[in-house]
Amino acid sequence: MNEERTIKLDRLRYTKNAASSRLAILAILLDVLFFVSIYKSDVGSYYYNILIGASILYNLIFMLAAFLASEGVKNYKANYSWLLIALGVIQVVRIFIIPMQAHSATVTVGGAETVVMGSGQFIRVIIYLVASAACLFASAVINLQKSRALAQHVASLGEAKA
């Protein structure tokens, strides 16, 4: 049993951390679905403000940072896990910014009061953000576990040679 574990750990030296990397990429995809859902909405001029501009800028930074982290975790670099955790926390915080505000807001369009974000869209964008955050957290945890196990294994190999 111990030999199987050693082989499994030794194999980490020669393979990429595909699980963590793919989860980070999935988080980017879910974020894209979130912002497409919001930005395609045409509810008067509600979305034409500085908050949306900041959101667009954040989405670009998020995608770049998450992609960078996906490449970093592919090589078992533990520091990128902390970036993924931070991005996941921000994804959760984002629920309380645009979706919550838009869901409780109404605008007058063509003389009629219209809800900016209906319940169906609200639930969908919340699911996108929560799922994106979950993918980021899972990616980070998997990478931390594998990178620590690999570091301990490589250290034990060094001790065995000495």
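1. Basis of the values. Because the model is predicted, local features are given only at pLDDT of at least 70 and side-chain atom pairs only at pLDDT 80 or more, while totals for chains, interfaces and linings use all residues. Residues are numbered from 1 along each chain as its sequence is written, and side-chain values use heavy atoms, with hydrogens and water left out.

2. Helix 3. Helices here are DSSP runs of H or I with at least four residues, numbered from the N terminus. Helix 3 covers residues 50-74, and its 25 residues should span 36 Å at 1.5 Å a residue, which agrees with the 36 Å between its end C-alpha atoms; the expected span is 1.5 Å times one less than the number of residues. At the start of this helix, a side-chain oxygen of Asn49 comes to within 3.0 Å of the backbone nitrogen of Leu51, and just after the helix Tyr76 has a positive phi of about 60 degrees. Its buried residues include Ile52, Ser55, Tyr58, Asn59, Phe62, Ala66 and Val73, where buried means under 20% relative accessible area with a 1.4 Å probe and protein chains only.

3. Ile28. This residue belongs to helix 2 (residues 18-39) and counts as buried because its relative accessibility is 13%. Leaving aside neighbours within four places in sequence, Ile28 is in contact (heavy atoms within 4.5 Å) with Phe62, Met63, Ala66 and Phe67. Ile28 and Ile85 are 57 residues apart in sequence, and their C-alpha atoms are 14 Å apart in space.

4. The nonpolar cores. A nonpolar core is a set of buried Ala, Val, Leu, Ile, Met, Phe, Trp, Tyr and Cys residues joined through side-chain atoms within 4.5 Å. The largest has 33 residues, of which Ile38 and Tyr47 touch the most other members. Helix 2, helix 3, helix 4 (79-94), helix 5 (98-103) and helix 6 (119-161) each supply at least two residues of this core, and helix 6 gives the most, with eight residues. Not counting residues up to four places away in sequence, Ile38 touches Tyr47, Ile52, Ile98, Met117, Gln121 and Val125. Another core, of five residues, lies apart from the largest one and has Leu12, Tyr76, Ala149 and Leu150 among its members.

5. His153. This residue is found in helix 6 and is buried, with a relative accessible area of 6%. Not counting residues up to four places away in sequence, His153 touches Thr6, Leu9, Asp10 and Arg13.

6. The largest pocket. On a 1 Å grid over the protein atoms alone, a pocket is an open set of points with protein on both sides within 12 Å along at least five of seven lines, whereas a cavity is a set where a 1.4 Å probe fits but cannot get out; lining residues have an atom within 4 Å of a point. About 150 Å³ of space lies in the largest pocket, and its lining includes Phe34, Tyr58, Arg94 and Pro99. Helix 3 provides the largest share of that lining, four residues.

7. The largest cavity. The count comes to one cavity of 30 Å³ or more, and the largest cavity holds about 50 Å³ of space. Tyr46, Tyr47, Asn49, Leu51, Ile52, Ile98, Gln101 and Ala102 line the largest cavity, with helix 3 and helix 5 being the elements that give two or more residues to this lining. The largest share, three residues, comes from helix 5.

How values were computed
Buried means under 20% relative accessible area, exposed over 50%, partly exposed in between (1.4 Å probe, protein chains only). A polar contact is a pair of N or O atoms within 3.5 Å; within protein, one must be able to donate a hydrogen and the other to accept it, and residues adjacent in sequence count only if both atoms are side-chain atoms. Grid points are joined across faces, edges and corners, and a volume is the space filled by probe spheres set on the points.
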